[in-house]
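The following exercises are to be worked with the sequence and the model at hand. Each task is followed by a solution in steps.

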Amino acid sequence: MKMKSLYEEYKKEFMASDTMYCCYCLEPQGEKYHCCQENHFVPFADLYEEDQQYIIESELGEAFGEQA
């Protein structure tokens, strides 16, 4: 049986999440109504692949005390 990588596990969790992200700076929406002087937020699944990768690598970096 092949084990999934930590990256793949994170991606699966992010895809299932209902968290919305700013299309411009990739910050989670949280309680904000606007970000980057816009109000354009999308779910993780709708972001470009490279943006998804950036978010996951940033989270992994924070989890392991590194900067992404």
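**Exercise 1: Charged pairs**

A search of the whole structure finds 1 salt bridge, the term meaning a side-chain nitrogen of Lys or Arg within 4 Å of a carboxyl oxygen of Asp or Glu. The model is predicted: local features need pLDDT of at least 70 and side-chain atom pairs pLDDT 80 or more, whereas totals for chains, interfaces and linings use all residues. Residues are numbered from 1 along each chain as its sequence is written, and side-chain values use heavy atoms, with hydrogens and water left out.

Solution. 
- Step 1. K11 belongs to helix α1 and E49 to helix α2, so the pair ties together parts that are 38 residues apart in sequence. Helices (H or I, at least four residues) and strands (E, at least two) are DSSP runs, numbered from the N terminus.
- Step 2. K11 is buried, at a relative accessible area of 18%, whereas E49 is partly exposed at 43%. Buried means under 20% relative accessible area, exposed over 50% and partly exposed in between, for a 1.4 Å probe and protein chains only.
- Step 3. Leaving aside residues up to four places away in sequence, K11 touches F44, E49, Q52 and I56, and E49 touches Y7 and K11. Contact here means heavy atoms within 4.5 Å.

**Exercise 2: Helix α2**

Task: Determine whether the span of helix α2 agrees or disagrees with 1.5 Å a residue, and state what its buried residues pack against.

Solution. 
- Step 1. Helix α2 comprises the 15 residues 49-63. The expected span is 1.5 Å times one less than the number of residues.
- Step 2. This gives 21 Å, and the end C-alpha atoms are 21 Å apart, which agrees.
- Step 3. The buried residues of α2 are D51, Q52, I55, I56, S58, L60 and G61. They pack against α1 (6-16) and β1 (20-22).
- Step 4. Just after α2, G65 adopts a positive phi of about 70°.

**Exercise 3: The largest pocket**

Task: Give the volume of the largest pocket and describe its lining.

Solution. 
- Step 1. On a 1 Å grid over the protein atoms alone, a pocket is an open set of points where a 1.4 Å probe fits, with protein on both sides within 12 Å along at least five of seven lines; lining residues have an atom within 4 Å of a point.
- Step 2. The largest pocket holds about 200 Å³ of space.
- Step 3. Its lining consists of T19, Y21, C25, L26, E27, P28, Y54, I55, S58, E59 and E62.
- Step 4. Helix α2 supplies the largest share of this lining, 5 residues.
- Step 5. By class, the lining has 6 nonpolar, 2 polar and 3 charged residues. Ala, Val, Leu, Ile, Met, Phe, Trp, Tyr, Cys and Pro count as nonpolar, Asp, Glu, Lys and Arg as charged, and the others, Gly among them, as polar.

Notes
Points joined across faces, edges and corners; volume = space filled by probe spheres on them.
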